[in-house]
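Kindly read each point with the model at hand.

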Amino acid sequence: MGGDLARLTEHGPWDAVVDTSGFVPRVVRASARLAATAAQHYLFVSTVNVYQGWPVRPLSDSSAVLECPPDADASYGADLGEATQYGALKAGCERAVIASMGAGRATVLRPGVILGPREYVGRLPWWLRRVAQGGTVLAPGSPARRIQPIDVRDVAAFALRAIEERLSGSFNLTSPPDATFGQLLESCKAATGSDATFAWVPDGWLVEQGVRQWTELPLWRTHPGVWAVDSNRARQAGLTCRPLADTVHDTWRWMGSDDRLPSGDGESSRAADHGMNPSRETELLRKWVDLGVR
Ligand SMILES: NC(=O)c1ccc[n+]([C@@H]2O[C@H](COP(=O)([O-])OP(=O)(O)OC[C@H]3O[C@@H](n4cnc5c(N)ncnc54)[C@H](OP(=O)(O)O)[C@@H]3O)[C@@H](O)[C@H]2O)c1
């Protein structure tokens, strides 16, 4: 990779580098050091996982960030657990970019969960497929739960704006907490033309049943900070977020189109971790109804 980047720098100068795939500080530092000689600006796609308080506490643009040096390798933080290690390494990557480029030539984007067409993780696609099948859908927690997914196209638009306007510093990227989980599922129903009904089952009971948060029921997570990320700085700098219903409709349209990703099936291996087995859903619904609590 170093050779490829060195060749790229020879063909510069470039207006900007957009780094969407940096996960290891030492690797990002090598890229950013080369970029510093050939590009005016470096935009690094980071994550809200960099915050010490994630996902437990509400977060702002100035919340405290995890420790991790800018020269760490992939083994750093192996004892922290997968999600925190990912966040710590991204924090180290951010530091590597800023140290290499200088603060005035670096933009760090910290998105929360990203949805939209070409999402191959399998979060929204799983819900769309499940709702399209119809019947009674196990719906987690409360329909009134506020959520803040951001559309990938809004992330991209803000990234371009940040480069064009040379916005430096870090920016949380989440939608305002206007949408709800109920609206998400109702939008899936509208988009797919399904006759599904939703059985809203309390968080605590699902936790007792061992339902895996975030993956087995995608986008469902009970930690209080998950959907309490303030993106004020980005909003003041021009971030706009389309309605969640548009994201859902456009994702469904994409799923029915010929626009496939290089992997061929449209989703990555990560999609295999997402979604609830149909027999497990049926069993949980039956148990819940047997409890007589609706
Ligand atoms: N998805 C979200 O909701 C979300 C939320 C917040 C932040 N982010 C950030 O957004 C970015 C994209 O997220 P994602 O979920 O799409 O991640 P992902 O599924 O892990 O995809 C990362 C992509 O980067 C490529 N990549 C990794 N290392 C590379 C390298 N050294 N050189 C070239 N390509 C490399 C991967 O290629 P291969 O497929 O060949 O491995 C893959 O295509 C990441 O930086 C992530 O931290 C994502």
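1. The centres of domain 1 and domain 2, taken over C-alpha atoms, are separated by 31 Å. Domain 1 covers residues 1-111, and domain 2 is made up of 114-149 + 178-227 + 243-294; these bounds come from an automatic or database domain assignment. Six residues from domain 1 and six residues from domain 2 take part in the contact, where contact means heavy atoms within 4.5 Å.

2. This is a predicted model, in which local features need pLDDT of at least 70, side-chain atom pairs count only at pLDDT 80 or more, and totals for chains, interfaces and linings use all residues. Residues are numbered from 1 along each chain as its sequence is written, and side-chain values use heavy atoms, with hydrogens and water left out.

3. Which residues are closest to the ligand? They are Thr-20, Tyr-86, Lys-90, Ile-114 and Arg-270, among the 16 residues that surround the ligand (a residue is near if one of its heavy atoms lies within 4 Å). Domain 1 and domain 2 each supply at least three residues to this shell.

4. By class, the shell holds eight nonpolar, five polar and three charged residues. Here Ala, Val, Leu, Ile, Met, Phe, Trp, Tyr, Cys and Pro count as nonpolar, Asp, Glu, Lys and Arg as charged, and the others, Gly among them, as polar.

5. One of its oxygen atoms lies 2.8 Å from a polar backbone atom of Thr-20, and a polar side-chain atom of Tyr-120 is 2.9 Å from an oxygen atom of the ligand.

Technical notes. A polar contact is a pair of N or O atoms within 3.5 Å; within protein, one must be able to donate a hydrogen and the other to accept it, and residues adjacent in sequence count only if both atoms are side-chain atoms.
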